[in-house]
Amino acid sequence: MGKNIAIVLLSIAVLILGIWGVGQNTESMTYKSIYENSCEDCFLDLQEALKNMESSLSKALVASEDNYMKTVLLDVWRYSIIGVGSVNGLPISHVSLKESSEIMNQTGDYAYYLASKIDNGEGITQEDLDNLSALREGVYTMKMNITSLSEKVRNGEISLARTDSKDEFYYDDSGEYGTDSAFTNIDKESMEYPKLIYDGPFSEGVRERGPAAELGEKISKEEAKSIAAKFLNSDSAALLEGGQTEGTIPCYVFEVDGSEEGGEYLSIKISVEGGHVIQMTSNREIGEQAMEIEKAQKAAEEFLIKNGVEDMTPSYYETYGNKTVFNFVLEQDETLFYPDMIKVQVALDDGQIVGYEASGYFMAHYDRSIAPASVTMAEAEQKVNQKLNITSRRLALIPLEGTKEALCYEFKGNTENDEWYIVYINAYTGNQQNILKIIEADESVLTL
Amino acid sequence: MRRNRTYTILLTCLLIVILATSFVTTVLAQGVVYYGSSASAVRQVQTKLKNWGYYGGNVDGIFGYKTEQAVRWFQSANGLAVDGKCGTQTLTAMGLYDLIDSGSGSSGSSSGSYDDNVYLLARCIYGEARGEPYTGQVAVAAVILNRVKDSGFPNSISGVIYQRGAFDAVADGQVNLTPNQNALNAAKDAMNGWDPTGGALYYYNPVTATNQWIRSREIIATFGNHVFCL
């Protein structure tokens, strides 16, 4: 009896497992084909983008009229964005894709820069054209590489939809995956790719930029330690040495580690040159908010003054995790210098300083000799949209794309439905340089 | 003989139990509020149903027969498939969105007040570096943001995080864990300009990394178990 029941039960179990297995298989086949299709889609988008980038670049090189040239340059930029998006949607190691992304990003960015040059009435120089021509070569080489990969994919030699998970963290040095090596072959060195220095976010100039500020003489680790202790208002014996960082501003690192007792972990960076406090982070647990934002801001201001940082004016601020980040901007000769920014974090339970960021300040700050504005404030105000009811006005230096800056009049105002905006009018050309929208939420005042 | 038979029966029962549990866990994992769901989730469902007059019992956090009947009534009254279970559609109709993913109604840091990109960044930090000192967590976030700004990488936070092979936590699914407040703060600090590394584009754990390529990069900073490089 028992034997029969066992056989019946077992058969049912096998049957159920079988049905389940078939279901699973069908499901995984569906996923596989969706995945393959999306890889195919990205790959075709990439080919299309490269083809269009190349043809638009060719047209730009023979264009004889500014307006038309601007149109095709903006096309290059538009297709480059599609290209970067689709190449990075492919299942190919990020290491292999680096140079391809660079070529497309920089070509697009450079084309955009030339288009805005035309807009500003500046002419396109022979050097610009030489660069464009070199970039076209780069895009062309890339296109040819992708075309040969495409043939292999079509012949079934290589599959785009790579599903392995073994050590794919970096790149496939075994050459097992043709997709990876097809992209690794695309490298700027072999194609006489130009070194592009221009005003755009992907300029080589931005990548190689060091601090604009004169930092000062080198100091020793011991000196740095006492600067850190003074800044933290603590005993230098309590500071652990955390090594050094290189990078844009080389620093000594010191730490306070109370994490084993469940306490705060804090680290502070002091610049090797000049001994400036560059940064401080802390994860101190912060209790419920117990003070007004105004009081916290006062604490941040007093902290700056105590540490000899002067002429800083509070700008926008943001609150999260019961702490507020206040952005302070350098103010000199009644002008705000937005690039020269220091950020201070205040814990809203007891007003303690829990974060400090001055690397942005030292990267940007130098003694600028700024020519006086050639447009008057009244003239500039005429340029602001009539819908805005202007409540305040002043001079401000604002950062532009890349490393450039522009002196502007800053007008703050609101619309009828109480939306607040900041409008920047260039103090030399009278052109509208930028518009920021002010967002107020959750004890924060931010700009977009 | 008899011994064998007992074994067979035991084995069969075991198989059935395994199948049944796999079924139940699938149902629970899909964020369905039903028999056996966590009290806090059931309580939210009961409160809603009671307020709207579908449920006459106590809000006790136990999914019982009365609750099931109330769910069925709610479903039929709202034109939903009537199965007595609170699945995605039923929970959406009730406005209990936060129960849809978790099913258990687990508390954690609420994602509500954070921008989607910040939340994704925090998830990546939590998946990659939750055991690291705080500065090391901010540093991981800074690497992601440095890549967004660099021409050699995608131009968005999600593009960088989901790039193939870029982050282990994405490959093994740890990126889908709920981040804690520390990770959220680290994400926000990095977005506000805190970069402890001074411009790093890569990082790795020198104890576990075997790849030659990554070991050839120039190291510019060390925080916790990670070295950061250009």
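**Exercise 1. Is A:Asp340 buried or exposed, and what is its relative accessible area?**

Solution. The structure is a predicted model, in which local features need pLDDT of at least 70, side-chain atom pairs count only at pLDDT 80 or more, and totals for chains, interfaces and linings use all residues. Residues are numbered from 1 along each chain as its sequence is written, chains are lettered from A and ligands numbered from 1 in the order in which they are written, and side-chain values use heavy atoms, with hydrogens and water left out.

Step 1. Recall the classes: buried means under 20% relative accessible area, exposed over 50%, and partly exposed in between (1.4 Å probe, protein chains only).

Step 2. A:Asp340 has a relative accessible area of 0%, so this residue is buried.

**Exercise 2. Describe the salt bridge between A:Arg284 and A:Asp350.**

Solution. Step 1. The two side chains meet at 3.2 Å, N to O.

Step 1. A:Arg284 sits in the loop between strand 4 (277-282) and helix 8 (293-306) of chain A, and A:Asp350 in the loop between strand 7 (335-347) and strand 8 (353-357), 66 residues apart.

Step 2. A:Arg284 is buried, at a relative accessible area of 17%, whereas A:Asp350 is partly exposed, at 48%.

Step 3. Over all chains, the count comes to 19 salt bridges.

**Exercise 3. How many residues does each chain give to the contact between chain A and chain B?**

Solution. Step 1. Contact means heavy atoms within 4.5 Å. Chain A gives 58 residues and chain B gives 49 residues.

Step 1. Buried area is the accessible area (1.4 Å probe) that two parts lose on being put together, summed over both. Chain A and chain B bury about 4,600 Å² between them, 57% of it on carbon and sulfur atoms.

Step 2. There are two salt bridges between chain A and chain B. One of these joins the side chains of A:Lys323 and B:Asp189 at 3.2 Å, N to O.

Step 3. On the side of chain A that touches chain B, helix 1 (residues 2-62) of chain A supplies the largest share, nine residues. By class, this side has 24 nonpolar, 19 polar and 15 charged residues. Here Ala, Val, Leu, Ile, Met, Phe, Trp, Tyr, Cys and Pro count as nonpolar, Asp, Glu, Lys and Arg as charged, and the others, Gly among them, as polar.

**Exercise 4. Where does A:Lys323 lie, and which residues does A:Lys323 touch?**

Solution. Step 1. A:Lys323 lies in strand 6 (residues 323-332) of chain A. A:Lys323 is buried, with a relative accessible area of 2%.

Step 1. Not counting residues up to four places away in sequence, A:Lys323 touches residues including A:Ser282, A:Glu318 and A:Gln345, and also B:Tyr134, B:Asn185 and B:Asp189.

Step 2. The side chains of A:Lys323 and A:Gln345 are joined by a polar contact of 3.0 Å. A polar contact is a pair of N or O atoms within 3.5 Å; within protein, one must be able to donate a hydrogen and the other to accept it, and residues adjacent in sequence count only if both atoms are side-chain atoms.

Notes: Salt bridge = Lys/Arg side-chain N within 4 Å of Asp/Glu carboxyl O. Helix = DSSP H or I, 4+ residues; strand = E, 2+ residues; numbered from the N terminus.
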